[in-house]
Amino acid sequence: MACSLYNYNMNKNSGTKKLFVISGSSGVGKGTVLKGFLEKHPDFMLSISCTTRKPRSGEVDGVNYFFLTPEEFQDCIDNNKFLEWAEFAGNRYGTKKKYIQQCLAEGKDIILEIDTQGALQVKKQMPEAVLIFICPPSIETLENRLRGRHTEDEATIQKRLNEVKIELERAENFDYKVVNDDLQTAISGLEKIISGEQEKC
Ligand code: ADP
Ligand code: 5GP
């Protein structure tokens with residue numbers, strides 16, 4: 001699907017690890033940890049995904065996501081616009097190739113915050129991508145965080161909790177895991193992983 005991107009990256013940045021993928025179950029704190037990381041490292045580019053999910057209160061098109069209709073999303077699939085895409089808890093989410101290609105061409109470090117299915121698709125196409133899974137301290141804490149965010153209705157919360165088991169199984173194929181118990185410790189853990197990977201380049 002994204003052979004051109006893969007070849008381009010391998011040719012221009014052979015051996016480098018510029019693409020970091022952050023995944024984890026809904027409510028584990030991916031967005032919160034990343035916000036903390038990006039405040040300290042504003043030079044990293046965060047990919048803005050496309051989704052068919054409806055915007056939450058306060059979410060802005062083009063900032064949090066590109067909010068697409070199901071037809072628009074399907075059109076992107078049909079025209080091979082996505083590096084990866086997946087269906088998660090009743091909605092579709094995808095990463096456009098174009099922005100990623102641009103960042104890699106400019107030698108910028110880029111972070112994707114995507115689900116575990118998408119992360120494994122990226123790794124298949126770009127083995128040099130670094131996959132980082134954010135773990136909850138416990139399933140109970142995860143559920144409390146998801147509910148405490150007050151952004152989803154009960155049916156949606158259940159759909160998201162139903163994904164947790166398979167997400168933890170997929171995490172076994174990730175390069176790193178970071179437990180998000182104390183927030184600052186999780187941010188420092190992420191920083192250590194990323195700077196360690198950059199030193200390898
Ligand atoms: P995700 O992006 O993984 O879906 P969020 O970043 O939206 O998760 O976090 C879900 C909720 O958990 C938010 O209300 C957030 O403030 C809270 N949260 C995130 N990390 C922590 C943490 N380390 N300790 C306590 N609460 C946290
Ligand atoms: P939310 O609806 O809570 O914003 O996101 C739900 C899930 O979709 C999260 O696990 C999030 O990481 C994932 N997600 C966001 N963007 C993408 C994307 O572009 N591709 C994939 N595969 N998952 C995504």
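Colleague: Which polar backbone atom is 2.9 Å from an oxygen atom of ligand 1?

Modeller: A polar contact is a pair of N or O atoms within 3.5 Å; within protein, one must be able to donate a hydrogen and the other to accept it, and residues adjacent in sequence count only if both atoms are side-chain atoms. Here the polar backbone atom belongs to G31, at 2.9 Å from an oxygen atom of ligand 1, while a backbone N or O atom of D181 lies 2.9 Å from a nitrogen atom of ligand 1. This is a predicted model, in which local features need pLDDT of at least 70, side-chain atom pairs count only at pLDDT 80 or more, and totals for chains, interfaces and linings use all residues. Residues are numbered from 1 along each chain as its sequence is written, chains are lettered from A and ligands numbered from 1 in the order in which they are written, and side-chain values use heavy atoms, with hydrogens and water left out.

Colleague: How many residues surround ligand 1?

Modeller: A residue is near a molecule or strand if one of its heavy atoms lies within 4 Å of it. By that rule 13 residues surround ligand 1, and G27, K30, T32, R149 and N180 are the closest.

Colleague: Which residues come nearest to ligand 2?

Modeller: Of the 17 residues around ligand 2, the nearest are S49, R53, Y65, Y93 and E113. The side chain of Y65 has an N or O atom 2.5 Å from an oxygen atom of ligand 2, and a polar side-chain atom of D115 lies 2.7 Å from a nitrogen atom of ligand 2.
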